[in-house]
Amino acid sequence: MRKSIIASTQALVLALVLALVSAATAQAQGLTKIAENVYAYAGVKDASPKNSYAANAGIVVGTDGVLVIDTLTSAKEGQRLLKDIRAVTKKPIKYVVTTHGHFDHAFGSCVFTDLGATLAGHELDRETLAKKGEALLKKPEAVGLTPADLKGTRIVLPSLTFTERLTIRLGGETIELIHLTPSHSPGSTLVYLPKQKVLFAGDVLFTDFHPFLGEGDIPGWVKTLDFIQDLDVTSIVPGHGPLSTKKDVAEMRDYLLLFDAKAKELAAAVTTSGPKDAAALAAEMKKLLPARTQGEAMILYNIMTKYLPTKH
Ligand SMILES: [Zn+2]
């Protein structure tokens with residue numbers, strides 16, 4: 001009973017998140033060149049579920065093939081990315097890398113494996129995707145999508161996995177996959193291009209958006225952000241939000257520490273139970289947190305999934 005109340009309240013909150021994000025503006029078209037042989041979505045504004053919640057993606061173009069980083073929410077969205085890639089290069093797509101297993105970054109992978117690409121990802125998020133992927137595919141409304149949105153989408157698991165580091169060499173380009181510790185998700189991976197000094201941070205970095213913390217390991221996340229500060233990098237593609245720099249990494253670190261400390265403190269004082277307590281706590285948190293453009297309801301969602309999961 002309690003579980004079903006939690007589930008229905010969470011669905012309500014998610015509906016609120018979706019209502020907020022669907023009031024978004026039109027999306028910038030196509031992939032932007034951000035460095036030599038590197039292209040990415042940058043500054044996507046339309047954060048509706050149908051537009052992959054503004055999840056970013058990108059490509060590295062080697063002399064004899066392409067590596068894709070993240071694949072959006074569905075086969076349909078993966079096809080959109082493929083079309084944008086084809087506007088840049090006709091070279092074969094050899095590798096697909098997912099920064100983590102969350103559906104808005106990984107469900108479009110089947111489009112690329114169907115073309116013969118090898119899918120690479122972290123061992124831990126491969127496990128999560130294997131456990132949760134099929135269930136989500138059967139219940140798309142849980143994340144604001146319809147069966148039609150997910151038409152043709154199949155869960156594909158990485159065939160090339162790693163636990164700490166993996167280097168992929170692609171016709172003159174070097175791509176390093178780095179995992180230090182669980183952070184945004186257990187296997188969240190940094191995709192580093194040392195020659196270009198570019199980093200695809202996945203959801204380790206949210207710029208401008210309130211981050212999803214529900215599965216986060218806050219100390220590990222902070223450690224990963226500190227690692228980025230020491231990395232030789234000038235341009236960072238966040239999981240959601242515009243092209244970023246180390247200043248945004250510092251702001252993300254401050255946000256996480258502030259959120260975690262205050263939410264714990266406020267949650268400890270909650271003695272009664274009910275969704276109203278979570279809403280009141282979230283409203284209090286919103287006053288303390290920096291303003292970010294969209295998805296304020298994500299604060300409430302984080303409170304309910306991470307800080308008050310058993311109190312309502
Ligand atoms: Zn994520």
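1. In this predicted model, helices α7 and α8 cross in a right-handed sense. Helix α7 covers residues 246–268 and helix α8 residues 275–288; their axes come within 10 Å and cross at roughly 145 degrees.

2. On the α7 side, the contact is made by L258, F259, K262, A263, L266 and A267. Helix α8 contributes L281, E284, M285 and L288. By class, eight of the contact residues are nonpolar and two are charged, with no polar residue present.

3. The zinc ion is a separate topic. Its donors are NE2 of H100, ND1 of H102, NE2 of H184 and OD of D203, at 2.2 to 2.3 Å.

4. The geometry of the zinc site is irregular, with angles of 88 to 173 degrees among the four donor atoms. For reference, the ideal angle for four tetrahedral donors is 109.5 degrees.

5. Along the sequence, the donor residues follow the spacing H-x1-H-x81-H-x18-D. H100 sits in the loop between β5 (93–97) and α3 (103–106), while D203 belongs to strand β11 (residues 198–206), so this pair ties together parts that are 103 residues apart in sequence.

Technical notes. Residues numbered from 1 in each chain as written. Predicted model: local features only at pLDDT ≥ 70, side-chain atom pairs only at ≥ 80, totals over all residues. Heavy atoms only, no water. Donors = N, O, S within 2.8 Å, 3.2 Å for Na, K, Ca; no water. Tetrahedral: all angles 85-135°; square planar, octahedral: opposite > 155°, others 65-115°. Helix = DSSP H or I, 4+ residues; strand = E, 2+ residues; numbered from the N terminus. Axes fitted to C-alpha atoms, helices over the stretch in contact; angles between N-to-C directions. Left-handed = near helix turned anticlockwise from the far one by under 90°. Contact = heavy atoms within 4.5 Å. Nonpolar A, V, L, I, M, F, W, Y, C, P; charged D, E, K, R; others polar.
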